[in-house]
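Subject: Structure for your review

Hello,

Please find the structure below. My notes come after it.

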Amino acid sequence: MPDSSELKVVVITADQIGSRQDSDRVPDALAATRKLRLGEGARKFARTAGDEIQGMVTDADAAIRVIEELTRLGGWRIGVGVGAVVRPVPRDVRAATGDAFVAAREALVAAHNAPQDLRVSGDDTEAAADLEAALWLLCALWRRRTDTGWETVAAAAAGRQQQQIARSLGITPSAVSQRLRASAYPEAEAGIRLAVRLLQRSLSV
């Protein structure tokens with residue numbers, strides 16, 4: 001029997017843009033999401049239909065990091081739904097239901113004509129709009145990064161000092177600094193913190 005107590009989650013549904021003219025990007029996307037800890041009680045991402053993936057995330061930081069990974073990979077349209085899930089939650093995300101799943105589907109449909117190919121939907125429309133605006137700005141920054149920029153940012157995000165990064169990449173500390181500046185690393189990290197706080201508020205209401 002379904003549990004009537006409410007559990008708020010983030011459901012992310014994404015589909016591949018132009019899949020008929022491109023190779024299958026789903027395996028890479030699933031591999032990228034498996035590297036992330038999605039939160040207690042989360043359900044890992046799975047291919048739901050053809051070129052589409054879906055996962056249920058319970059940790060706000062992890063949800064933003066999933067969106068970051070999909071943006072880094074490129075070629076994804078993203079719908080983010082914030083809301084309740086029917087409990088008990090099946091182990092396979094494809095069998096789960098609830099308002100968050102409906103919201104994610106609505107957001108994905110709306111993302112076809114949205115900036116940055118992303119929309120957010122939830123029962124609190126103002127909170128969803130605020131999170132959406134923050135994510136649009138983040139996606140605009142992320143999409144400017146080069147492969148070398150992503151590589152350098154990953155090293156910095158892991159807590160390594162610029163001297164260490166320089167040695168591991170075979171470049172000078174000055175080049176590391178230039179790459180981080182060009183990648184808008186501090187600005188993006190500040191934006192991530194903002195997006196996480198906005199999402200945490202929605203999950204706690």
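This is a predicted model: local features need pLDDT of at least 70, side-chain atom pairs count only at pLDDT 80 or more; totals for chains, interfaces and linings use all residues.

Residues are numbered from 1 along each chain as its sequence is written, and side-chain values use heavy atoms, with hydrogens and water left out.

Strand E3

Helices (H or I, at least four residues) and strands (E, at least two) are DSSP runs, numbered from the N terminus. Strand E3 covers residues 52-57, and six of its six residues are buried, meaning under 20% relative accessible area with a 1.4 Å probe, protein chains only. In a regular strand, side chains alternate between the two faces of the sheet. Here Glu52, Gln54 and Met56 point one way, and Ile53, Gly55 and Val57 the other.

Two strands pair if DSSP finds at least two bridges between them. E3 runs antiparallel to E1 (residues 8-16), with six bridges; Val11 has Met56 as its bridge partner. E3 is also antiparallel to E2 (residues 43-49), over four bridges, and Ala49 stands opposite Glu52. Two residues separate E2 from E3 in a hairpin, where Gly50 has a positive phi of about 60°.

Helix H2

Why is H2 described as largely enclosed by the rest of the structure? Ten of its 14 residues are buried, among them Ile64, Ile67 and Leu70. Just after H2, Gly74 has a positive phi of about 80°.

Regards

Methods
Buried means under 20% relative accessible area, exposed over 50%, partly exposed in between (1.4 Å probe, protein chains only).
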